[in-house]
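I opened the notebook to look at one chain. I started with the overall numbers, then went to one helix.

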Amino acid sequence: MNEVYDALNTFLVDESVVGMGSGSTIEGYIPYMKEHVDRYSLDVAFIPTSKKTEDQLKRHGLAVVHHADRMPVTIDGADQFNETRMVIKGGGGSLLREKQVGYFSDQIVIIAHQDKKVEDFSGTAIPVEINTYLYEMTVGTIEENFGAETEMRTREDGLFITDNGNYIVDCHFSDPQDMDQIHNDLVAIPGVVETGIFNRKIRHIFSFDDQGAYQEYAKDR
């Protein structure tokens, strides 16, 4: 993994604020990143995409902030991606904050295992964060308007609650879809807060295998 982690470290710029994503791959990267920051005495602060990431950054003695005049990059993981750099995220439930941090970044850099790569997203669970008020009506509208099979995200004590106090409904579409259009139509429904369809600002995807070798999918310069 060191090779792909080293590739991510090239995006860390001294005296900058970096968005830091969520998920198991990012959890593995943060300790390695910490060593890089210390080795080169980088003055870098981080805007986390989840409370869990924030806690991990603080445990490693890394600076956490919640405001920046500019954020050159966000480094994040992915649940699925394709060669056109369309990404599905939200399996861990942090999609709203991930989308916010990515939006305010100049670019998003994704790291994901090669088995996350797909040709299309048919049959993929698309996480959709929804407001708790009238949520059953919101879910019913999604089912009726999109023909989607839906499942409310749960945890041991009931419905899953995001860091922002919302619910998540996982939506399955049987056929290949225009994901840009699906996103636009979903967020037009009052009660839908955000979707796990990430279709903007992703400039690089680093896809690694079990041996740590990686392939880069990058936006043409």
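**Fold.** I am working with a predicted model. I looked up the secondary structure first. The protein chain has six helices and 16 strands.

**Dimensions.** I checked the radius of gyration next. The protein chain comes to 17 Å, and this agrees with a compact globule, because 221 residues would give a value near 17 Å. I then took the extents of the C-alpha trace along its principal axes. They are about 55 × 35 × 35 Å.

I asked what share of the 221 residues is buried. The figure is 51%.

**Surface and charge.** I computed an accessible surface of about 11100 Å² for the protein chain. Carbon and sulfur atoms hold 43% of that surface. I counted 20 positive and 38 negative charges. Their mean positions lie 6 Å apart.

**Helix H6.** I then turned to H6, which runs over residues 179-187. Which of its residues are buried? I found Met179, Ile182, His183 and Leu186. Why do they count as lying on the same side of H6? They cover an arc of only 100° around the axis, so they share one side.

**Neighbours of H6.** I listed what the buried residues of H6 pack against. The helices are H4 (95-103) and H5 (135-146). The strands are E6 (87-88), E8 (125-130), E13 (192-195) and E14 (197-198).

Key
Residues numbered from 1 in each chain as written. Predicted model: local features only at pLDDT ≥ 70, side-chain atom pairs only at ≥ 80, totals over all residues. Heavy atoms only, no water. Helix = DSSP H or I, 4+ residues; strand = E, 2+ residues; numbered from the N terminus. Rg over C-alpha atoms; globule rule 2.2 N^0.38 Å. Buried < 20%, exposed > 50% of the residue type's maximum accessible area, 1.4 Å probe, protein only. Areas by Shrake-Rupley, 256 points an atom, 1.4 Å probe, with all protein chains shown as cover. Lys, Arg positive; Asp, Glu negative; His and termini not counted. Charge placed at Lys NZ, Arg CZ, Asp CG, Glu CD. Arc of directions from axis to C-beta. Contact = heavy atoms within 4.5 Å.
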